[in-house]
Amino acid sequence: MKKKVISVLLTMAMVASLTACGGGSNGGDSAADSGEAATENAPADTGSDAAPADDGTAVTEGASADDNTLTVWTWDPNFNVYAINKAAEIYAKDHEGFKVEVSEVQSDDIETRITTAVSAGDLSTLPDILLMQDNSFQKYVINYPDVYTDLTSSGIDFSQFSSAKVAYSTIDGKNYGIPFDNGTVINCVRTDILEQAGFTVDDFTDVTWSDYMEKAKVVLEKTGVPMLTAQAGSPDQVMMMLQSCGSSLFNADGTVNIDGNAELKEIMNIYVQMVKDGTLVEVTDWDQYIASLNNGTAASAMNGCWIMASITPVEDQSGKWALTNMPKLDTISGATNYSNNGGSSWAITSNCQKVDLAVDFMNSTFAGSTELYDDVISKGALATWAPAGESEAYAQPVDFFGGDAIYAKIVEYATQTPSNITGAYYYDARDAVGVALSNVCQQGADIDAEIKTAQETVEFNMGG
């Protein structure tokens with residue numbers, strides 16, 4: 001009976017994470033400000049902005065005056081708000097009277113409020129703790145360093161998290177964030193379609209891109225179905241591939257690393273060739289992308305693990321999907337089969353007057369509680385905290401994915417994901433690469449010229 005209950009919870013987790021990570025305006029690497037809403041209906045990085053951005057709900061401003069209470073800003077009541085409240089409930093078991101006062105504030109509004117506070121020279125409006133999109137984290141710490149508490153020597157064991165996840169909130173070797181949810185890239189494949197082509201999921205596990213591309217041609221020839229679909233103009237696939245080999249659009253010194261980036265050019269060539277081969281089909285918007293996964297016009301989905309929630313609602317496809325890792329680049333030293341697309345991390349603000357309490361709370365829950373992660377998996381929150389992957393809940397087989405223990409597998413993938421450099425101009429660079437990719441694929445533009453233009457565009461935006 002216990003296994004049956006856990007199985008139900010795991011199914012709920014996949015459905016819930018559509019709201020959490022796939023349906024808001026602040027999302028996966030497809031979304032923009034802080035850059036995250038560049039693409040309409042794009043996936044969310046970490047939790048969705050499912051509620052209206054500014055619905056008039058009262059927001060508690062400032063740190064709590066109560067010695068046993070912490071104020072928190074986060075978004076999505078069914079995902080992030082639930083998780084922080086559950087963490088408080090667990091912590092209160094050994095810390096009588098402890099509580100959190102949570103205000104639902106959308107991701108872009110949190111960023112706006114930070115900017116406003118700094119501009120006004122008054123950080124007293126900030127809460128004790130707030131949640132930040134991972135790809136915005138470095139931008140805000142670099143621009144507003146006085147807002148964030150340095151957690152490097154706090155006692156939190158950052159080595160227990162995926163190093164790639166920790167890197168998002170690490171600036172100049174110092175830790176400013178506590179990792180939360182998981183955006184690890186997975187390759188979900190339709191085993192029934194692969195079977196028609198004479199393949200199994202093992203044929204697409206631990207492979208290189210050259211091998212993958214050849215097999216994709218066979219799948220298309222035998223079934224008429226492309227291996228991949230992607231949203232036209234979005235560089236999500238390129239960014240995932242870039243991180244998989246530990247490369248970035250910036251150098252360690254903050255300079256732009258687009259023109260002359262051998263990994264980026266190879267990746268763009270792979271993408272363009274697959275479009276020419278018909279093994280990767282570009283669609284016009286996010287709805288069409290999801291439809292391609294649901295109606296069988298794509299043989300796989302390669303994206304952040306939150307994409308599972310867009311796959312699992314099609315009940316008659318249960319057992320026809322399997323989960324594995326992504327291909328790796330053939331010619332790049334250090335290339336891996338692992339990457340990331342999405343996620344968020346908690347920050348303790350400099351306005352917090354009870355830093356020791358806030359650190360202990362985080363260290364005892366998000367950085368130390370399998371009980372917490374076993375519970376929030378029912379809401380779609382997958383950990384990058386390695387010990388969580390060893391728990392019973394994560395080890396349970398999931399029927400939809402062929403009885404595989406996919407959650408433990410995803411955590412293991414997370415621990416092997418290379419880190420990348422984001423910085424303050426990450427979205428300028430990402431968008432410039434997206435324009436270059438679109439010009440090459442749709443207009444036949446010269447790839448070298450487009451890459452050079454992308455470099456110049458970002459340098460101009462940086463004032464260089």
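Begin by selecting Gln138, Ile142, Ala252, Ile421 and Gly423, which lie nearest the centre of the largest pocket, among the 17 residues that line this pocket. A pocket here is an open set of points on a 1 Å grid over the protein atoms alone, where a 1.4 Å probe fits, with protein on both sides within 12 Å along at least five of seven lines; lining residues have an atom within 4 Å of a point. Next, colour helix H4 (134-143) and strand E4 (170-171), the elements that give two or more residues to this lining. Helices (H or I, at least four residues) and strands (E, at least two) are DSSP runs, numbered from the N terminus.

The model is predicted: local features need pLDDT of at least 70, side-chain atom pairs count only at pLDDT 80 or more, and totals for chains, interfaces and linings use all residues. Residues are numbered from 1 along each chain as its sequence is written, and side-chain values use heavy atoms, without hydrogens and water.

Now move to helix H10 (residues 286-294) and select Trp286 and Tyr289, three residues apart, about one turn of the helix. Trp286, at 7% relative accessibility, counts as buried, as does Tyr289 at 4%; buried means under 20% relative accessible area (1.4 Å probe, protein chains only).

Finally, select Phe79, Phe180, Trp346 and Phe366, a cluster linked by ring pairs.

Conventions. Buried means under 20% relative accessible area, exposed over 50%, partly exposed in between (1.4 Å probe, protein chains only). Rings of Phe, Tyr and Trp (its six-membered ring) pair if their centres lie within 6.5 Å; planes under 30 degrees apart count as stacked, over 60 as edge-to-face and the rest as tilted.
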